[in-house]
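Subject: Structure handover

Hello,

Please find the structure below. My notes on what was found in it follow.

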Amino acid sequence: MNRLTNNTHLLFLISIPILVLLNFIRQHEPLDISIHDTYYVIEQDHLLGFTSIILGLIGLGYWLIQRDNRKLNKWLTLIHCYITFGGLVLILFFSFLFIETNELSKSDDFVHNLTLQELIVVVSLVTFIGQVLFLINLMIGLKKGHKTSG
């Protein structure tokens, strides 16, 4: 746990090449999500690219706080990491599952697709709202001041 909270920036920065590699491996299928009467079509390239940029900015934030020798709240850091990476894994899993089920069954299984779409939207919202913990932790770290050595 100490290793994770002391090197959080590495976790976020190492995940970027993994997402880029995943982007090259996966087929370039769009992710179609319908909410009420609106369809949102997101390319996998754009989704993974945007996610890489966000993870890079978060990793940069953690690195700047560590470089400035500021102290972050350990529990907020852990919760933020679990929400972020747990959410990303679930979003990617559900989106790939959604694309695979659409490719395998040409018949529109409306209930199954709607359930997957709802799961993707809910997990995305929870992950997005979880990023507020990073901002709160950042503000706490800036307000607390520097670590004491010794």
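Does Ser 52 count as buried or exposed, and at what relative accessibility? Ser 52 counts as buried, because its relative accessibility is 10%. The cut-offs for relative accessible area are under 20% for buried and over 50% for exposed, with partly exposed in between (1.4 Å probe, protein chains only). Ser 52 lies in helix 3. Apart from its neighbours within four places in sequence, Ser 52 is in contact with Ile 16, Leu 19 and Val 20. Contact here means heavy atoms within 4.5 Å.

Some notes on how to read the values. This is a predicted model, in which local features need pLDDT of at least 70 and side-chain atom pairs count only at pLDDT 80 or more, while totals for chains, interfaces and linings use all residues. Residues are numbered from 1 along each chain as its sequence is written, and side-chain values use heavy atoms, with hydrogens and water left out.

The chain as a whole

The chain holds 5 helices and 2 strands, and from the N terminus the order of these elements is α-α-β-β-α-α-α. Helices (H or I, at least four residues) and strands (E, at least two) are DSSP runs, numbered from the N terminus. The chain has 150 residues, of which 35% count as buried. Among contacts in the chain with a separation of 6 or more, 78% are between residues 24 or more positions apart.

The largest pocket

The largest pocket contains about 650 Å³ of space. A pocket is found on a 1 Å grid over the protein atoms alone, as an open set of points where a 1.4 Å probe fits, with protein on both sides within 12 Å along at least five of seven lines; its lining residues have an atom within 4 Å of a point. The volume is the space filled by probe spheres set on the points, which are joined across faces, edges and corners.

There are 24 lining residues, and those nearest the centre of the pocket are Leu 47, Phe 50, Ile 91, Ser 124 and Phe 128. At least two lining residues come from each of strand 1 (30–35), strand 2 (38–43), helix 3 (44–67), helix 4 (74–104) and helix 5 (110–144). By type, the lining has 19 nonpolar residues, 5 polar and no charged. Nonpolar covers Ala, Val, Leu, Ile, Met, Phe, Trp, Tyr, Cys and Pro; charged covers Asp, Glu, Lys and Arg; the others, Gly among them, are polar.

The loop between helix 3 and helix 4

Asn 69 lies in this loop, between helix 3 and helix 4. Its phi is near 65°, a positive value in a residue other than glycine. Most residues other than glycine have a negative phi. Asn 69 is partly exposed, because its relative accessible area is 37%.

Arg 70 is found in the loop between helix 3 and helix 4. Arg 70 counts as buried, because its relative accessibility is 18%. Its side chain reaches the backbone oxygen of Leu 142 at 3.1 Å.

Residues in the helices

Leu 64 is in helix 3 and counts as partly exposed at 37% relative accessibility. Leu 64 is 55 residues from His 9 in sequence, with 9.0 Å between their C-alpha atoms.

In helix 4 there is Phe 93, which counts as partly exposed at 49% relative accessibility.

Helix 5 holds Leu 116, and Leu 116 counts as buried at 5% relative accessibility. Leu 116 is 83 residues from Ile 33 in sequence and 9.2 Å from Ile 33 in space, C-alpha to C-alpha. Ile 129 is also placed in helix 5, but Ile 129 is exposed, with a relative accessible area of 58%. Ile 129 and Ile 83 are 46 residues apart along the chain, and their C-alpha atoms are separated by 9.4 Å.

Regards

Key:
A polar contact is a pair of N or O atoms within 3.5 Å; within protein, one must be able to donate a hydrogen and the other to accept it, and residues adjacent in sequence count only if both atoms are side-chain atoms.
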